[in-house]
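Take a look at the fold below. Keep it open while you read.

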Amino acid sequence: MSGLARSIAVSGALVATLIARSGTPDELGRRYTKSTDETARDSALTKRLLHANGPLTFHLKAGNEAPGGRVNAWAYIPSRFDAHAPLHVIVLFHGFRNCISSYVSRGGEVCQPGSTSRTGYDLANQMERAESGAVLVVPEIAFDVVSSDPGKLGADGALHAFMTELLDQELAPYIGEHRSDDIERFSLMASSGGYQALVPALDHGGEHVTDLVLLDACYVYKKSPVGDFIFTSPDDFDASKHKVPKRFGVIYSHGAGAFDTSEIMRTDAEQWLTSHHREDLGTFFGKFERPRDEEPQGADFRAPVFAIFSHGWHDVIVERYFWQVVRASGI
């Protein structure tokens, strides 16, 4: 049991212990002092969260170097974050020709002088709209080029080192007693070309990933860690059989080249669940299965396995659906 879990268990049992047992005034005083200390720590944590000034940025040793010494990690602790609840973390990899500052912004920004404005998805407000308590992390990968090369984050153990430095050191003042080893749900997401960074990250630490979502980013699927994540056992995605079941989702459009691979994956996943008589675990809609003016809704993303086509433009997939996927997943 983690230190946090032990602390919660002791606090929860305090009143019952005092009622069930008598003790000397000194003993009772020590118990009440402990409870007061815990309350003070909670109050201090709340103040730190309130004064975090929204999103937090860092330059991590375990992260990729960005031009001009720019930050290489962005994190957002939403208002619903609960230091006493199980720790949930989402890592979202941005796509080609982008950078952290633009990707997380509302409407997009210029990443470097002389370039044009890149896409931005207002991620902090999306997390609030999703009513999620998960910590959202966006690492810097290839900076503002036609690539999403993971750099050092693609090496064996690199993502773990990145998360350890971020959670155990930089975010420690804001997340209470939680540490990287406490993560209960660990979601990897990629938008567009971000798949290029997600695949090696999944390959070198996939045993810890509980949720995998591709936002118009299903470029690699068969004979890859993505395929390995999906086609294990349907029971792995069943909440009645696991406290923390796996989840997998794909949202795709007709643009940006992910359509064909996404369609193949959708068909394979649907047939896989059908062959195991577990159709209840999946939701699937292809290009021709809905009217053009009917777009996916939040309820479509509640299934543990989903692959859903959107008629929307490639660049609006994250803006339109990220918060809905997060909310529907309950992360």
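The paragraphs below go from the sheet to the helices, and then to the bonds between side chains.

This is a predicted model, in which local features need pLDDT of at least 70 and side-chain atom pairs count only at pLDDT 80 or more, while totals for chains, interfaces and linings use all residues. Residues are numbered from 1 along each chain as its sequence is written, and side-chain values use heavy atoms, leaving out hydrogens and water.

Start with the sheet. Strands of a sheet pair through backbone hydrogen bonds, either parallel or antiparallel. Here nine strands form an open sheet. Their order is S1-S2-S4-S3-S5-S6-S7-S9-S8, and the pairing is mixed. The edges are strand S1 (56-58) and S8, each of which pairs on one side only. From one strand to the next, the twist averages 15°. Some terms need cut-offs. Strands (E, at least two residues) and helices (H or I, at least four) are DSSP runs, numbered from the N terminus. Two strands pair if DSSP finds at least two bridges between them.

S8 pairs with strand S9 (residues 305-309) in the parallel sense, over four bridges. Find Phe 284 there: Ala 307 in S9 stands opposite.

Next come the helices. An α-helix has 3.6 residues a turn, so residues three or four places apart point the same way. Look at helix H9 (residues 317-329). At 1.5 Å a residue, its 13 residues should span 18 Å, and the end C-alpha atoms are 17 Å apart, which agrees. The expected span is 1.5 Å times one less than the number of residues. H9 lies across S3, S4, S5, strand S6 (211-215), S7 and S9. It runs at about 160° to S5. Such angles run from 0 to 180 degrees between N-to-C directions, with axes as lines fitted to C-alpha atoms, for helices over the stretch in contact.

How many residues of H9 are buried? Ten of the 13 are, and the helix is mostly covered. Among them are Ile 317, Tyr 321, Trp 323 and Ser 329. Buried means under 20% relative accessible area, exposed over 50%, and partly exposed in between (1.4 Å probe, protein chains only). Just after H9, Gly 330 takes a positive phi of about 75°.

The buried residues of H8 include Phe 259, Met 265, Trp 272 and Leu 273. The buried residues pack against H7, S7, S8 and S9. Just after H8, His 277 has a positive phi of about 55°.

Turn to a loop. Ser 180 lies between helix H5 (158-170) and strand S5 (183-191). Is Ser 180 buried or exposed? It is buried, with a relative accessible area of 11%. Ser 180 touches Met 163, Thr 164, Leu 167 and Asp 168, not counting residues up to four places away in sequence. Contact means heavy atoms within 4.5 Å.

Now for charge. Side chains of opposite charge can pair when their charged atoms come close. A salt bridge is a side-chain nitrogen of Lys or Arg within 4 Å of a carboxyl oxygen of Asp or Glu. The whole structure has 13 salt bridges. One of them joins Asp 238 and Arg 278 (3.0 Å, N to O). This pair links distant parts of the chain, 40 residues apart. Both Asp 238 and Arg 278 are buried. Arg 278 also forms a salt bridge with Asp 280, with the closest N and O atoms 2.8 Å apart. Asp 280 counts as exposed, at 53% relative accessibility. Asp 235, Asp 238, Arg 278 and Asp 280 are linked in a network of salt bridges.

Last, find the sulfur link. A disulfide is a pair of cysteine sulfur atoms within 2.5 Å. By this rule the count is one disulfide. It joins Cys 99 to Cys 111, with S to S at 2.1 Å. The torsion about the S-S bond of Cys 99 and Cys 111 is about -95°, so the disulfide is left-handed. Cys 99 lies in the loop between S3 and helix H3 (100-103), and Cys 111 in the loop between H3 and H4, so the pair ties together parts twelve residues apart in sequence. Both cysteines, Cys 99 and Cys 111, are buried.
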